[in-house]
Amino acid sequence: MKFTPSRRLSPQPPAVAAHDAVRTAAVLPAADPAAARIPDASVLAGRLSALLAEPGGAKTNAVVIDAVTRRPLFQQRADEPATPASTTKLATSVAALAALGPEHRITTRVVRGTGGGIVLVGGGDPTLTARPARPDAGHPPYASLAGLAAQTAAALKGAGVRKARVDYDVSAYQGPPTAYGWKDNYLPDGELAPVSALTVDEGRVSPDDSGHDTRVADPPAAAAAQFAALLTRAGVAAEAGRVTRAPQGAAVLGQVRSPTVAALVEHLMTDSDNDVAEAMARQVAIRTGRPASFAGAAQAVGSVLAGLGVADGVTVNDGSGLSTRNAIAPIALARIVALAASPDRPGLRAAITGLPVAGFTGTLKSRYDVPQSRAGAGVVRAKTGTLAGVSTLAGLAVDADGRMLAFAFMAGDGKGAVDPGRLDRLAAAVASCGCG
């Protein structure tokens with residue numbers, strides 16, 4: 001499926017009043033990214049260099065390339081790796097789509113155990129939920145823990161079993177639950193849960209309360225306890241058991257599957273979901289035959305990107321970008337974006353359709369609402385990245401002539417203040433350039 005850029009994205013999401021001028025502007029015809037003229041590099045450079053030279057700004061590595069030919073049009077330390085923060089998710093997402101395929105789903109199973117027990121087997125689905133389905137959720141139906149309990153209860157009662165112990169198997173993942181370079185506050189602050197092959201509602205203590213991201217200390221044990229409660233409610237008296245390994249070839253009592261990888265990637269890109277990003281990296285490791293650990297996932301992502309020809313300049317320690325030890329060059333991010341936007345790579349398209357739309361969706365919804373950046377509203381799609389002293393932005397813009405350009409702007413060294421609005425102004429300058 002071909003990504004066709006336009007000067008507006010339709011249908012438009014609801015927007016704040018500041019964007020009314022953008023939403024009601026005359027719509028230009030959809031552009032063929034290969035037919036429109038390429039910007040004059042010297043004119044574009046003049047625009048961007050002036051913004052980058054403004055006093056008081058953090059050191060910024062930057063690049064703009066033509067998304068079709070991948071020819072650089074502007075470079076400032078473009079080959080110099082910087083801390084990518086959540087723009088790391090671009091690398092993770094493209095690797096997951098390439099390795100797994102957009103239609104792949106993650107399965108959570110319940111099988112017969114030993115000594116009268118059953119085993120809840122985690123496959124690494126971070127969206128497994130105990131919450132009831134909601135038609136207005138804005139995402140495909142998540143795998144239901146209650147549905148899995150109903151399947152299991154029916155199978156057990158059909159076999160005359162009315163009591164069970166729920167053990168759990170998390171052996172799909174290996175290694176520590178936190179990554180090298182993560183700060184000590186990430187788990188207490190609820191940035192994500194300890195990474196595990198079995199987690200319900202991303203380990204949130206109060207998944208119905210969007211204002212509180214506190215996570216449980218032991219997601220697999222909490223999942224087993226929740227499943228035992230649901231099984232009891234379904235007519236089989238159950239209690240949570242212990243961590244174990246499911247017997248090889250054990251009879252399956254029930255199973256549920258996650259949304260497709262394409263849907264998961266779109267979600268993790270739009271909302272910058274750290275839990276889903278880490279799960280995608282682990283799934284790449286599993287698919288490529290590597291240990292499903294942080295180290296194995298990093299190696300797997302790098303290997304898949306190498307096979308796509310976009311691994312140069314990419315060094316990662318996790319899938320989410322929380323690690324301060326990640327290092328990616330702007331040119332690498334821009335090339336990854338351009339590859340995913342290529343009509344020759346339809347399987348990677350979710351990495352582009354999931355990019356937040358400037359001023360309208362995801363992590364860019366509350367940005368691009370000031371005069372200096374408003375030209376980018378609705379026509380820039382980009383992944384944000386934020387850590388202490390670091391701000392990054394990488395994505396696509398369709399310029400005033402209809403040419404699709406890929407960019408990456410990476411500011412800060414982790415020590416001083418960084419203004420993300422400056423990156424928005426850079427992207428807006430790219431989008432508004434009639435520089436042919």
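This is a predicted model: local features need pLDDT of at least 70, side-chain atom pairs count only at pLDDT 80 or more; totals for chains, interfaces and linings use all residues.
Which residues of helix α6 (residues 261–271) are buried? They are Val-261, Ala-262, Ala-263, Leu-264, Val-265, Leu-268 and Met-269. After α6 comes Ser-272, which has a positive phi near 55°.

## Helix pairs

| Helix pair | Angle between axes | Distance between axes |
|---|---|---|
| α2 and α11 | about 165° | 10 Å |
| α3 and α8 | about 75° | 9 Å |
| α3 and α9 | about 40° | 10 Å |

Take α2 (residues 41–52) and α11 (residues 420–431) to begin with. Their angle of about 165° is over 145 degrees, so α2 and α11 are roughly antiparallel to each other. The crossing of α2 past α11 is right-handed. On the α2 side, the contact is made by Leu-44, Arg-47, Leu-48, Leu-51 and Leu-52, and on the α11 side by Arg-422, Arg-425, Leu-426, Ala-429 and Val-430. Sorted by type, the residues of this contact are seven nonpolar, no polar and three charged.

With α8, its angle is about 75°, which makes α3 roughly perpendicular to α8. Here Ala-91, Val-94, Ala-95, Ala-98 and Ala-99 of α3 make the contact with Val-301, Val-304, Leu-305 and Leu-308 of α8. In this contact of α3 with α8 there are nine nonpolar residues, no polar and no charged.

With α9, the angle of α3 is about 40°, and α3 and α9 are therefore oblique to each other. In this case α3 passes α9 in a left-handed crossing. Leu-90, Ala-91 and Val-94 are the α3 residues that meet Leu-333, Ile-336, Val-337 and Ala-340 in α9. The contact of α3 with α9 divides into seven nonpolar residues, no polar and no charged.

## Nonpolar cores

Which members of the largest nonpolar core touch the most other members? Among its 59 residues, these are Met-280 and Leu-305. Helix α9 (residues 330–341) supplies the largest share of this core, with 10 residues. Leu-305, already named in the contact of α3 with α8, touches Ala-91, Val-94, Ala-95, Val-310, Ala-311, Val-314 and Ile-336 once residues up to four places away in sequence are set aside. Another core lies apart from the largest one and has 31 residues, including Val-64, Phe-360, Leu-405 and Ala-431.

Most residues other than glycine have a negative phi, so a few exceptions deserve a visit. Arg-77 is one of them: phi is positive there, near 50°, and the residue is not a glycine. The loop between β2 (72–76) and α3 (88–100) holds Arg-77. With a relative accessible area of 34%, Arg-77 is partly exposed.

Asp-201 also has a positive phi, about 55°, although it is not a glycine. Its place is in the loop between β5 (163–169) and α5 (219–233). Is Asp-201 buried or partly exposed? At 11% relative accessibility, Asp-201 counts as buried, because the cut-off for buried is under 20%.

Gln-76 belongs to strand β2, and its relative accessibility of 23% makes it partly exposed. Apart from neighbours within four places in sequence, Gln-76 is in contact with Leu-52, Thr-60, Asn-61 and Ala-62. One of these partners, Leu-52, also takes part in the contact of α2 with α11.

Finally, Ser-293 sits in the loop between α7 (274–287) and α8 (294–308). Ser-293 counts as buried, at 12% relative accessibility. Which residues is Ser-293 in contact with, leaving aside its neighbours within four places in sequence? The partners are Gln-174, Gly-175 and Arg-282.

Note on methods: Residues are numbered from 1 along each chain as its sequence is written. Side-chain values use heavy atoms; hydrogens and water are left out. Axes are lines fitted to C-alpha atoms, for helices over the stretch in contact, and angles run from 0 to 180 degrees between N-to-C directions. Helices (H or I, at least four residues) and strands (E, at least two) are DSSP runs, numbered from the N terminus. Angles under 35 degrees count as roughly parallel, over 145 as roughly antiparallel, 65 to 115 as roughly perpendicular and the rest as oblique. A crossing is left-handed if the near helix is turned anticlockwise from the far one by less than a right angle, and right-handed if clockwise. Contact means heavy atoms within 4.5 Å. Ala, Val, Leu, Ile, Met, Phe, Trp, Tyr, Cys and Pro count as nonpolar, Asp, Glu, Lys and Arg as charged, and the others, Gly among them, as polar. A nonpolar core is a set of buried Ala, Val, Leu, Ile, Met, Phe, Trp, Tyr and Cys residues joined through side-chain atoms within 4.5 Å. Buried means under 20% relative accessible area, exposed over 50%, partly exposed in between (1.4 Å probe, protein chains only).
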